[in-house]
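Q: I have just opened a structure that is new to me. Could we go through it together?

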Amino acid sequence: MKGIDYTVGSIHRLLFRTAIPMLLASLVNVITQLANVFFMGHTSQSVLYVLSLYIPVSFVMIAIIEAMQLSVQVAVARSRAGGSRAFTQLFTHMMGSAMLLAIVTGGMVMLLTPCFPGFIGCLTRLDPCLHCT
């Protein structure tokens with residue numbers, strides 16, 4: 001695979017060659033979230049309550065995803081310059097951090113779910129078909 005040599009050529013052309021794939025990746029995330037909002041908005045009226053809760057969370061998630069993508073791209077680029085051992089260590093560290101984050105987030109959701117029985121009650125009042133069994 002041929003890499004980009006950043007020491008030769010026009011800096012503007014090199015920046016565009018680097019920025020365009022990053023921009024496309026970011027646009028995919030934003031378009032996906034907007035498509036979710038679009039389809040949720042064209043459902044029944046009872047979904048509007050859930051939609052009003054979902055929109056702020058989805059845009060916070062976009063910001064977190066963008067920050068993680070950028071930091072991973074920088075970290076991978078720096079570790080590839082350091083050799084394969086540095087890349088392996090980085091990969092192991094990032095996978096461990098991701099697993100820890102997933103476990104902590106899942107645990108928090110499981111522990112906090114009983115604290116919000118009123119939320120489920122609001123949903124069942126909006127749509128009687130949404131009942132807990």
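Q: What share of the 133 residues in the protein is buried?
A: Buried residues make up 11% of the 133 residues; buried means under 20% relative accessible area, exposed over 50%, and partly exposed in between, with a 1.4 Å probe and protein chains only. This is a predicted model, in which local features need pLDDT of at least 70 and side-chain atom pairs count only at pLDDT 80 or more, while totals for chains, interfaces and linings use all residues. Residues are numbered from 1 along each chain as its sequence is written, and side-chain values use heavy atoms, with hydrogens and water left out.

Q: What average pLDDT does the protein have?
A: The average is 75, and 80% of the residues score at least 70. The term pLDDT denotes the predictor's confidence in each residue, from 0 to 100.

Q: How many helices and strands are there?
A: The protein has 4 helices and 0 strands. These are DSSP runs numbered from the N terminus: H or I of at least four residues for helices, E of at least two for strands.

Q: Which helix has the lowest mean pLDDT?
A: Helix α4 (residues 117–126) has the lowest, at 57, whereas helix α3 (residues 84–112) has the highest, at 83. Where pLDDT is low, the predicted coordinates should not be read in detail.

Q: Now the surface. Which residues make the nonpolar patch?
A: Val 57, Val 60, Met 61, Ile 64, Ile 65, Met 68 and Leu 101 make a patch of about 590 Å². Patches take residues with over 30% relative accessible area and no salt bridge, joining like charges within 9 Å and nonpolar side chains (Val, Leu, Ile, Met, Phe, Trp, Tyr) within 5 Å. A salt bridge is a side-chain nitrogen of Lys or Arg within 4 Å of a carboxyl oxygen of Asp or Glu.

Q: Which helix gives the most to it?
A: Helix α2 (residues 47–82) does, with 6 residues.

Q: Why does Ile 65 count as partly exposed?
A: Ile 65 counts as partly exposed because its relative accessible area is 31%.

Q: And Ser 79, is that buried or exposed?
A: Ser 79, in helix α2, is buried because its relative accessibility is 7%.

Q: What does Ser 79 touch?
A: Not counting residues up to four places away in sequence, Ser 79 touches Ala 86, Phe 87 and Leu 90. Contact means heavy atoms within 4.5 Å. Ser 79 and Gln 89 are 10 residues apart in sequence, and their C-alpha atoms are 8.8 Å apart.

Definitions and conventions: Areas by Shrake-Rupley, 256 points an atom, 1.4 Å probe, with all protein chains shown as cover.
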